[in-house]
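Me: I've got this one open and would like to go through it with you. Could you start with how the parts are arranged and then move to the details?

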Amino acid sequence: MDSTLQKRPVMLPTGEKLVVSSSPHLSRPESVGRIMALVLVALLPPAAAGVWFFGLKALTVIVLTVLFSLGAEALWCLLAGKPVGRTLRDGSAAVTGVLLALNLPPDVPFYIPLIGAFLAIWFGKQVFGGLGYNPFNPALVARVGLLIAFPALMTQWSAPRGMDESYPQAALFCKSTPAPSVTCATPLGIASVSGKVLGGGQKAQQHFDPIDSASLRLKYFLGMRGGCIGETCVPALLLGAAILLIFNLINWRVPVCFVGTVAVLTGILHFFLPGATPSPLFHILTGGLLLGAIYMATDMVTSPITGSGCLVFAVGCGVITTVIRVWGNYPEGVSFSILFMNALVPLIDRWCGVRPFGYISRPAEKAR
Amino acid sequence: MMNKSSRSVLTFKGGIAPEGNGKDMSSAIPTRNAPLLERYRVLLQENAGKPPKPVVAKGDKVKKYQLIAAADGFVSANLHAPTSGEVVGIVRVPGPMGLMTEAIEIAADGEDSGDAPFAPLDWSKASPQELLARVADAGLVGMGGASFPTHVKLTIPPGKKVDTLILNGAECEPYLTADHRLLLENGEALLRGALTFGRILGVENISIGVEINKIDAIEYLSRIAADCGVRIVPLEVRYPQGSEKHLIRAIAGREVPSGGLPADAGCVVQNVGTAVALDNAVRLGIPLVERIVTVTGEVVRNPGNWRLRIGTPVIKAIELADGVLCEPGKLILGGPMMGFAQRSFEIPVAKNTSGILLLPPRVSMNYMPTECIRCGRCVQGCPMHLMPCLLATAIEGDRYDLAAQNHVMDCIECGSCAYVCPAHRPLVQHFRRAKAELRSRNRK
């Protein structure tokens, strides 16, 4: 092969097809579509865990939500006269669909994914100008919208696989005989009711103890509890976080500081006022904190750009989540806290800018 | 000795590490001399300064090294004949910036004869004024890219004090290896040139910054520089390490203030190629008429480095590399990050042409930009610590005031942001547009 190449006469370019464009002439082989595809890969572990724990109905919810989201995106593009194929190919609608599905209870009727998909794609994203221009996380806009419109359906939790005779504490959560398709309360829900109805103090603490025991914490960790499809299985969520971090798709500061802030604040409250709230570990293992901190708060479009901005954003999310969980009417505060901080992102970006190169502080200038 | 160099590998904050940087194609092959061509076209306009005035006319016989265009004003550099022959005339040729530009065409007589026009000097005995005059006489310019007249850079504005001289051997642009070969093959000339620069400036603190992907050059230079007072500084492989500001940040630990000159940070930076050219001008008395050029790219059949005379048409250089394997998608003068795409192979090599790069069509395809998803990769990559994504959004909305407020004028157009942008947004184009717009507003 080499010798034939050598024998060929020198071929000189004609320059007919030369592209003239501005520098740089190289680009990293990364695209928005590839980023979204990797996010979808990172969403697989919690989605798979959800299907494992809640059965085929969870799979149905996920598939329906994704299909409705793609449909909502396509319909909007048709109505707005935008190229449908190109918009769908960036993969953001599919990501929003999966994220929304993971934030839904496993046993919702088909119209919840349908309405949710339109809320997310149309009112969460496209009304602001489409991908990149939405101030709020579209999946969370839909989740909160659904929570307000369908409070009963959105807080009706089915019992996960494994919540049977081998689960001695099941009676704490489920009224009737534990079996699949039976509804059960979430640990956070019970804690919230106990904390608020009993007004804290000794009595509430007695209610926290049984649902915050060491043996139950292991079950919470593995995912054996009621909750949204994607929020229960901690190992799957951590695996997803690892994928996101390895491919540089999220800023580590957001999940670490978000969860850290909740842990520190609930830790202080739990230590000084044991009746006010269960232990920090309980707060991390139950509810949507990990799902929110890993997948929702880290959304590129709706989180700050700089490292210091991410820090402020995440701490803010943590504070608001803690306040709502401990003193609010809702058992869960993750969605609200992220949406609230989303609104502040433009301001955070302005406050937490970096010092540009060459803008030397006064003392250094004087020294010269 | 390796301890000394591996002890501290310096760099700056921000920037990018381009994947697969294409230097292997040409870095191991020694520099070759190019045969004499029949014709050379020496470009008059090389830099932002004033083009020199031709001092020869059609039909004149010239000797090699003879002055053919004389500097017109202070910010302008002399041009000399690359070989002996006859002046064909002042012709219009495609210039590196895309416009037709003037060049002096010389038809070689084949003798390639000419004496060194300047008297050889001993750098350690000649006065700084004598040496500075030699720099101007020999037509030295920054050979790293901007082609700025070297005597201007060596004239420190009154009131500023320079205590550090840095020679730029970083060669951070992917694909280019001309400086790498120069470091390996012209090490002694480089050190003499560095000391000459030091004498002109009255500076004893002299460093040569080299990225550690040229470890053989670092070892070799550290060995021969052991007792001449020039420090060889290994630098991290990080683009744009060879930017003047970032080289100063890495080596001297100082920041050039916004809008200021290197002299404001007490530094002067010179390209290593310019230092070797200075040694030739001082020791041998010959002006700058040739340079090492990397002819490379996936499309080039046998990439390598050649010593080319100024005025060599690019197509002849490609011929030296045995032509191409397929029709290229892009012809770039300089490196792939900041070089200029060309539309003609007739364009001549100038004093600042560090590379002739042919990229395959698949690399040169135009990406369709999509919306910014605020991933922040550009912010991490910006060596000037700006927020390219926010700037671009402001400029798209014609908010030049907002762009100015967010320091768009500090952009060095290195292209790091556009390189990492997953949405393939034309960030650098936006910033160039905004800078031009703001400059024209300021003039009003």
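Me: How many Å separate the centres of domain 1 and domain 2 of chain B?
Reply: This is a predicted model, and in it the centres of domain 1 of chain B and domain 2 of chain B, taken over C-alpha atoms, are 29 Å apart. Domain 1 of chain B takes in residues 2-28 + 119-284, while domain 2 of chain B covers 377-443.

Me: And how many residues are in contact between them?
Reply: On the domain 1 side of chain B there are 10 residues in contact with 10 residues of domain 2 of chain B. The side of domain 1 of chain B that touches domain 2 of chain B is made up of 5 nonpolar and 5 polar residues, with no charged ones.

Me: Switching to the largest nonpolar core, which residues touch the most other members?
Reply: That core holds 237 residues, and those touching the most other members are A:Val98, B:Ala194, B:Ala317 and B:Leu391. Helix α2 of chain A, residues 32-54, gives the largest share of this core, with 10 residues.

Me: What is B:Leu391 in contact with, leaving aside its neighbours within four places in sequence?
Reply: With those neighbours set aside, B:Leu391 is in contact with B:Leu386, B:Ala403, B:Asn406, B:Val408 and B:Phe431.

Me: OK, helix α8 of chain B next. How many of its residues are buried?
Reply: Helix α8 of chain B, which spans residues 244-251, has 8 of its 8 residues buried, and among them are B:Glu244, B:Lys245 and B:Arg249 as well as B:Leu247 and B:Ile248.

Me: What's the strand order in the open sheet of 6 strands?
Reply: In chain B the order runs β1-β14-β13-β17-β15-β16, and the pairing is mixed.

Me: Why is one side of β1 and of β16 left without a neighbour in the sheet?
Reply: β1 (32-33) and β16 (340-342) of chain B are at the edges and each has a single partner strand, so each has one side without a neighbour in the sheet. Strand β15 of chain B, residues 330-333, pairs with β16(B) in the antiparallel sense over 3 bridges, and B:Ala341 in β16(B) is the bridge partner of B:Ile332.

Me: Last one: which strands does helix α5 of chain B lie across?
Reply: Helix α5 of chain B, residues 178-185, lies across β13 (290-296), β14 (304-309) and β17 (355-359) of chain B, and runs at about 130° to β13(B).

Notes
Residues are numbered from 1 along each chain as its sequence is written. Chains are lettered from A and ligands numbered from 1 in the order in which they are written. This is a predicted model: local features need pLDDT of at least 70, side-chain atom pairs count only at pLDDT 80 or more; totals for chains, interfaces and linings use all residues. A nonpolar core is a set of buried Ala, Val, Leu, Ile, Met, Phe, Trp, Tyr and Cys residues joined through C-beta atoms within 7 Å. A residue is buried if 20 or more other C-beta atoms lie within 10 Å of its own, exposed if 12 or fewer, and partly exposed in between; C-beta atoms are placed from the backbone. Helices (H or I, at least four residues) and strands (E, at least two) are DSSP runs, numbered from the N terminus. Two residues are in contact if their C-beta atoms, placed from the backbone, lie within 7 Å. Domain bounds come from an automatic or database domain assignment. Ala, Val, Leu, Ile, Met, Phe, Trp, Tyr, Cys and Pro count as nonpolar, Asp, Glu, Lys and Arg as charged, and the others, Gly among them, as polar. Two strands pair if DSSP finds at least two bridges between them. Axes are lines fitted to C-alpha atoms, for helices over the stretch in contact, and angles run from 0 to 180 degrees between N-to-C directions.
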